[in-house]
Amino acid sequence: MTRGHSAVSLTTPGPLDKVSHVTDNVHPEIVFRDDMTVELVKSSAQDADVIWAARVSTAGEQSLDDVNSDPKRAEGLINYLARERHGSPFEHTSMTFFISAPIFVFREFMRHRIASYNEESGRYRELRPVFYIPNKERKLVQIGKTGKYEFVDGTTEQYDVAISAMKESYTLCYANYKKMLDAGIAREVARAVLPVALYSSMYVTMNARALMNFLSLRTSRADSHFPSYPQREIEMVAEKMEEHFARLMPITYGAFQKSGRVAP
Ligand SMILES: Cc1cc2nc3c(=O)[nH]c(=O)nc-3n(C[C@H](O)[C@H](O)[C@H](O)COP(=O)(O)OP(=O)(O)OC[C@H]3O[C@@H](n4cnc5c(N)ncnc54)[C@H](O)[C@@H]3O)c2cc1C
């Protein structure tokens with residue numbers, strides 16, 4: 001759980017070694033973050049849910065006996081369903097996450113249509129000055145051609161250029177946003193100047209099948225049957241969601257892994 005970000009003041013402005021919730025002393029109202037928040041808000045998701053949904057096929061009303069059954073006894077069935085891509089029994093589950101991440105992450109996230117979303121509004125509230133800057137582990141340089149490229153570490157100089165350009169842009173954009181609000185311009189008009197690195201917040205609810213599809217596409221794993229190459233920042237969100245999923249539905253999660261991380 002990472003609710004309640006406390007901003008830490010820096011003694012010197014400029015590039016940062018590790019930038020999780022920091023401000024600079026020139027513009028103390030602005031917060032720079034390099035991390036993503038993912039909280040599991042509620043869930044109705046357990047391995048047993050897959051079993052009764054699948055067993056109605058052959059057992060009819062007797063499948064009700066499986067509602068509180070020990071899922072360990074049906075591990076083979078869950079593996080079979082995942083392997084053969086009988087996906088609908090995985091849909092009788094629900095996981096709701098609170099997520100705080102930059103708008104450019106949400107743009108990618110919301111392409112996943114098999115989910116329910118509610119996001120904070122830039123029309124109804126004044127947006128807070130919280131902006132994304134990458135930490136030093138974030139690979140900065142892309143090499144190779146589109147569709148066949150990889151990311152490698154940048155130099156310290158490249159990192160410094162990126163961080164100072166971002167901080168300068170964000171600071172100017174937010175100052176202009178505030179200038180317009182102070183002049184009486186509507187929030188929905190003034191927000192046009194804000195960049196996609198601004199943090200937003202949303203709730204998203206997914207079932208296990210949709211979540212497995214999301215994880216297969218938004219994480220990069222060499223052992224996947226179909227390795228994906230997502231943007232690192234959405235992968236940071238996906239990795240945290242995956243931890244919750246693995247804890248809630250360990251047998252289903254194991255079946256997903258054994259099936260090469262292909263969504264059933
Ligand atoms: C690495 C990467 C790069 C990408 N690059 C781009 C890009 O350059 N430009 C771009 O526009 N998008 C891009 N995308 C987004 C991508 O095309 C998908 O929109 C996104 O990954 C959502 O996947 P999805 O449709 O499987 O998910 P969901 O919308 O959650 O759908 C889940 C599944 O439901 C089924 N489904 C849902 N809706 C329909 C429908 N209307 N018709 C038929 N079946 C449906 C499909 O089986 C689908 O897989 C990229 C995604 C990734 C992972």
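For the cut-offs, buried means 20 or more other C-beta atoms within 10 Å, exposed means 12 or fewer, and partly exposed is in between, with C-beta atoms placed from the backbone. Threonine 171 belongs to helix α4, residues 156-182. Leucine 194 is 23 residues away from threonine 171 in sequence, and their C-alpha atoms are 9.9 Å apart in space.

Before going on, a word on what we're looking at. This is a predicted model, where local features need pLDDT of at least 70 and side-chain atom pairs count only at pLDDT 80 or more, while totals for chains, interfaces and linings use all residues. Residue numbers run from 1 along each chain, as its sequence is written.

So, the overall picture. How many helices and strands does the chain have? Eight helices and ten strands. Those are DSSP runs, numbered from the N terminus: H or I with at least four residues for helices, E with at least two for strands. Of the 264 residues in the chain, 28% are buried. Now take contacts between residues at least 6 apart in sequence: 69% of them join residues at least 24 apart. A contact here means C-beta atoms, placed from the backbone, within 7 Å.

Next, the core. The largest nonpolar core has 51 residues, and the ones touching the most other members are Ile78, Ala101, Phe131, Leu211, Phe214, Val237 and Met241. Helix α6 gives the most to this core, with seven residues. And where does the core lie relative to domain 1 and domain 2? It lies between them, because domain 1 (1-28 + 128-197) and domain 2 (41-96 + 202-258) both give residues to it. Those domain bounds come from an automatic or database domain assignment. By nonpolar core I mean a set of buried Ala, Val, Leu, Ile, Met, Phe, Trp, Tyr and Cys residues joined through C-beta atoms within 7 Å. As background, nonpolar side chains in soluble globular proteins tend to be buried together.

The buried residues in α7 are Glu233, Ile234, Glu235, Val237, Ala238, Met241, Glu242 and Phe245. When you look at that spacing, keep in mind that an α-helix has 3.6 residues a turn, so residues three or four places apart point the same way. What do the buried residues of α7 pack against? They pack against β4 (37-44), β5 (94-102), α3 (103-109), α6 (208-218) and α8 (250-258). Methionine 241, leaving out residues up to four places away in sequence, touches Val38, Phe97 and Leu211.

On to α8, where Ile251, Thr252, Tyr253, Ala255 and Phe256 are buried. These pack against α1 (47-59), α2, α6 and α7. After α8 comes glycine 260, with a positive phi near 70°. Arginine 261 is also in the segment after α8, and its phi is near 55°, a positive value in a residue other than glycine. Is arginine 261 buried or exposed? Buried, because it has 20 C-beta neighbours inside 10 Å. Arginine 85, in the loop between α2 (75-83) and β5, has a positive phi too, near 60°. But arginine 85 is exposed, with 10 other C-beta atoms within 10 Å.

Last stop, the ligand. Around it you'll find Arg111, His112, Arg113, Ile114, Ala210, Asn213, Leu217, Arg218, Ser228, Tyr229 and Pro230. The cut-off there is a C-beta atom, placed from the backbone, within 6 Å. That shell divides into five nonpolar, three polar and three charged residues. Ala, Val, Leu, Ile, Met, Phe, Trp, Tyr, Cys and Pro count as nonpolar, Asp, Glu, Lys and Arg as charged, and the others, Gly among them, as polar.

Let me finish on one of that shell, serine 228, in the loop between α6 and α7. Serine 228 is partly exposed, with 15 other C-beta atoms within 10 Å. Leucine 217 is eleven residues from serine 228 in sequence, with 5.5 Å between their C-alpha atoms. Setting aside neighbours within four places in sequence, serine 228 is in contact with Ser216, Leu217 and Ser220.

Note on methods. Two residues are in contact if their C-beta atoms, placed from the backbone, lie within 7 Å.
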